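Good morning, and thank you for making time for this presentation. I would ask you to keep the sequence and the structure in view while I speak.

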Amino acid sequence: MSEAAALERVPIVDIAPFLGGSEAERRAVAAIVDRTNRDIGFLVITGHGFDLDLLSRWFEVSRRFFEGPGSIKRAVMPAAPTIHEGYHGQGLSGLAAKEGEEAPPDLREYFMIGQVDRDDPLFKTEAARAFHHDNLWPSEPEAFRELGTAYYRAISKLGADLMRLFALALELPETWFDDKIDHHFSIVSSIYYPAQKTPPLPGQLRAGAHTDYGSLTILAPTDAPGGLQVRTLAGDWVDVPYVPGAFVINIGDMMQRWTNDRWLSNMHRVVNPPSTVASTSPRQSVAFFLHPNHDAVIECIPTCVEPGEAPRHAPILAGAYMMEKEAAIATATARK
Ligand SMILES: O=C(O)CCC(=O)C(=O)O
Ligand SMILES: [Fe+2]
């Protein structure tokens, strides 16, 4: 942890000076990002230049899908539980199972989209196939596929910009991550938290406490009761502020490992709405989980270890790391 007291809330950072400012302005944003990622692992970004009209249309078409016929949703369920692409109804076990906790099912459903541009031969190798499945698209609403595809492309671009900001924050050449994310296996997850007509079970949340796995997550939240909370280093749960038009950025386990634990992949959860409004308060969010190339080596970044010190973690391929994590959850879930 840094010498100063650790952050107790999630900061709001305008990244416009990074995207279009002078060298000094860009470095100033990078310094804030380094501090934030060390202390709390979450930040809210404004000034990102993302097409907010696209975001609101994607929210709208997603809502119509989730509130639409169950038969349409079931028709796009993945063929195996290990496949991300497609519709996931309320599961048997919550996200907190990732942390080895007893976890009643999270009160949510979601639709996942994998890489939409897979013409490059790099996506067609034997090894790549395990991480890239065909996307499944529902027969309605009509614009779902078009908007989901457009959202995936646009948010991937912002993800690449943020990886450059991260590189700068880690005193690396700005393009350091570029060739590690040029055939990434990222996922867009459009998430729907239904209104709660019956009270949750004891310990049941909209999303149980967990960390994300990838390098970074870009979350578009909505302003509905029952939202996102993050755990401070002091152990308190604090609300992630909702700022209209802003994204929430957090780092995942791979980035923590890449940075030799300099940055924190932090625990977060989505709480239930207050019981007085629960029966009329659905919530939506859209997450983009930036998973690097499946064959990117996640090994201690040279600027993250003191000369003469040994890195804390052995090198591992991003894809193998993800498989390990997912196998661990499958085992934890099967034990229940
Ligand atoms: O919906 C949210 O606000 C957060 C969701 C989340 O943390 C996740 O899906 O990993
Ligand atoms: Fe998460």
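Predicted model: local features only at pLDDT ≥ 70, side-chain atom pairs only at ≥ 80, totals over all residues.

Let me begin with a definition: two residues are in contact if their C-beta atoms, placed from the backbone, lie within 7 Å. By that criterion, among the contacts in the protein chain with a separation of 6 or more, 79% are between residues 24 or more positions apart.

Let me turn to the overall form. The protein chain holds eight helices and 14 strands. Its C-alpha trace spans about 55 × 50 × 45 Å along the principal axes. How does the radius of gyration of the protein chain, 19 Å, stand against that of a compact globule? For 336 residues, such a globule would have a value near 20 Å, so the two agree. As for burial, 40% of the 336 residues count as buried.

Which residues are around ligand 1? They are S189, I191, A207, D212, L219, P221, L228, H268, V270, S285 and A287. Two or more residues of this shell come from each of strand 5 (187–193), strand 7 (216–221), strand 11 (268–270) and strand 12 (283–290). Sorted by class, the shell around ligand 1 consists of seven nonpolar residues, three polar residues and one charged residue.

The next topic is helix packing. In general, two packed helices are described by the angle between their axes and the distance between the axes. Here the pair is helix 2, residues 23–39, and helix 6, residues 144–169; their axes come within 8 Å and cross at roughly 85 degrees. Angles of 65 to 115 degrees count as roughly perpendicular, and helix 2 and helix 6 are therefore roughly perpendicular to each other. On the side of helix 2, the contact is made by R26, R27, V29, A30, V33, D34 and N37, while helix 6 supplies L165, F166, L168 and A169. Divided by class, the residues of this contact are seven nonpolar, one polar and three charged.

Where does P141 lie? P141 is in the loop between helix 5 (126–129) and helix 6. The peptide bond that joins E140 to P141 is cis, with omega near -5 degrees. P141 has 16 C-beta neighbours inside 10 Å and therefore counts as partly exposed. Leaving aside neighbours within four places in sequence, P141 is in contact with V61, R64 and F65. The C-alpha atoms of P141 and I72 are separated by 9.5 Å, and these two residues are 69 positions apart along the chain.

Phi of E171 is near 55 degrees, a positive value in a residue other than glycine. Is E171 buried, exposed or partly exposed? E171 is partly exposed, because 14 other C-beta atoms lie within 10 Å, and the partly exposed class falls between 12 or fewer for exposed and 20 or more for buried.

D261 is also not a glycine, and its phi is positive, at about 70 degrees. This residue is found in the loop between helix 7 (253–258) and strand 11. With 15 other C-beta atoms within 10 Å, D261 is partly exposed.

Finally, I come to the loop between strand 3 (86–88) and strand 4 (109–113), where A103 is found. A103 is buried, since 24 other C-beta atoms lie within 10 Å. What separates the C-alpha atoms of A103 and A30? The separation is 37 Å, for two residues 73 positions apart along the chain. A97 also has its place in the loop between strand 3 and strand 4. A97 is buried, with 25 other C-beta atoms within 10 Å. The C-alpha atoms of A97 and G208 are separated by 8.1 Å, and the two residues are 111 positions apart along the chain.

That concludes my presentation, and I thank you for your attention.

Methods
Residues numbered from 1 in each chain as written. Chains lettered and ligands numbered in written order. Near = placed C-beta within 6 Å. Helix = DSSP H or I, 4+ residues; strand = E, 2+ residues; numbered from the N terminus. Nonpolar A, V, L, I, M, F, W, Y, C, P; charged D, E, K, R; others polar. Rg over C-alpha atoms; globule rule 2.2 N^0.38 Å. Axes fitted to C-alpha atoms, helices over the stretch in contact; angles between N-to-C directions. Parallel < 35°, antiparallel > 145°, perpendicular 65-115°, else oblique.
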